[in-house]
Amino acid sequence: MANRNIYSVAQVNSYIKNMFAQDFMLRQVSIKGEVSNCKYHTSGHIYFTIKDAGAAMNAIMFAGSRAAGLSFHMKEGDQVIVTGSVEVYEKTGAYQLYAKKIELDGEGNLYLKFEQLKHELEEMGMFAAEYKQPIPRYAGRIGVVTAPTGAAVQDIRNVSSRRNPYVQVILYPALVQGEGAAASIVRGIRMLDEAGVDVIIVGRGGGSIEELWAFNEEEVARAIFECHTPVISAVGHETDFTIADFVADLRAPTPSAAAELAYFDCRTLLNSMQGYQERLERAVWNKIDVNRAKLERYGTRLQYLNPESRLRDRQQYAADVQERIQSAMEQKIKDKRH
């Protein structure tokens, strides 16, 4: 019993804390899991538990770290990646995660990035209505930036064949998701802008936020904003919104809807032209009738005011006067004889 080493609780806790401190991996570790028991303390510290299906760990983010390491309001159920150090709290002997940085995992993180970029570009005025260009009513050449083999391009072709097969379509086969997609979309926009098309459709079919992410990249937004040609954005389904939708001159809920907006219906145009022709013909004939009636009135008036007619009247008047004078003279001679 005399040879036994006996330690205090504080000594053991201190020893264990030093062991954790000397472990290189635990000094800087990133742990993925779900947030629970999240509490924002009045001091500014955040206390929470990070857990998965198999285990849980207490965690804390101090107020000083929070300013630089947390860009969103963390709540129960968030899927996060917490980066920090695992250390022992000597007073209780419990280990916990001291967070230096917290990021939303997966879609949550992308949504946060989306909101941040949206706010930045909006502050710069890139969504302002005064920069929106009108979509031409009768486009003769339409550029399309999308994948060459997807539902979007097929939908656009279907609308084209139905509404106006005479419009020229120039397709730029772009990558619409994955590595290099944003750069590919930018090249397509710039090439079609230089080609002098009347309007450009930029888009793709539906998908998750990760699959649509290329249309949330700042370089794509700037390419659309700087484009001299009007741009219609048509990304995903009606409920999907991307940064490209806000920057574009017009947002269409689907690629099919974009085609409906870009392609004028030739049958409607022909019907309108026929209606205009009939209205023009009626107007011309009405004008002719009005002018004919006016001409007849002028002819009658001219006939009445014709000098020749007036001269004949004067001649008739003079003949009548002469005849009366002659009669009067003859009567006077007869009276003298008697």
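A: First a term: buried means under 20% relative accessible area, exposed over 50%, and partly exposed in between, with a 1.4 Å probe and protein chains only. By that rule Phe 246 is partly exposed, at a relative accessible area of 25%. This is a predicted model, where local features need pLDDT of at least 70, side-chain atom pairs count only at pLDDT 80 or more, and totals for chains, interfaces and linings use all residues. Residues are numbered from 1 along each chain as its sequence is written, and side-chain values use heavy atoms, with hydrogens and water left out.

Q: How many aromatic pairs does a search of the whole structure find?
A: Six aromatic pairs turn up. Rings of Phe, Tyr and Trp (its six-membered ring) pair if their centres lie within 6.5 Å; planes under 30 degrees apart count as stacked, over 60 as edge-to-face and the rest as tilted. Tyr 131 and Phe 225 are edge-to-face, with 5.5 Å centre to centre and 75° between the planes.

Q: Which parts of the chain does that pair link?
A: Distant ones: Tyr 131 is in the loop between α4 (107-123) and β6 (141-146), while Phe 225 is in helix α7 (residues 218-226), 94 residues apart. Helices (H or I, at least four residues) and strands (E, at least two) are DSSP runs, numbered from the N terminus. Tyr 131 has 49% relative accessible area, so it is partly exposed; Phe 225, at 32%, is partly exposed.

Q: And Phe 241 with Phe 246, what sort of pair?
A: Stacked, because the ring centres are 6.0 Å apart and the planes are at 25°. Ring pairs join Phe 127, Phe 241 and Phe 246 into a cluster.

Q: Which charged end sits over the ring of Phe 241?
A: That of Arg 251, 4.0 Å from the ring centre. Lys 118 lies over the face of Phe 246, 5.0 Å from the centre of that ring. The rule is NZ of Lys or CZ of Arg within 6 Å of the ring centre and within 35 degrees of the ring normal.

Q: Is Cys 38 buried or exposed?
A: Cys 38 counts as buried, at 17% relative accessibility. Cys 227 is buried too, at 5%.

Q: Where is Ile 16 found?
A: Ile 16 is in helix α1 (residues 9-22). Its relative accessibility is 31%, so Ile 16 counts as partly exposed.
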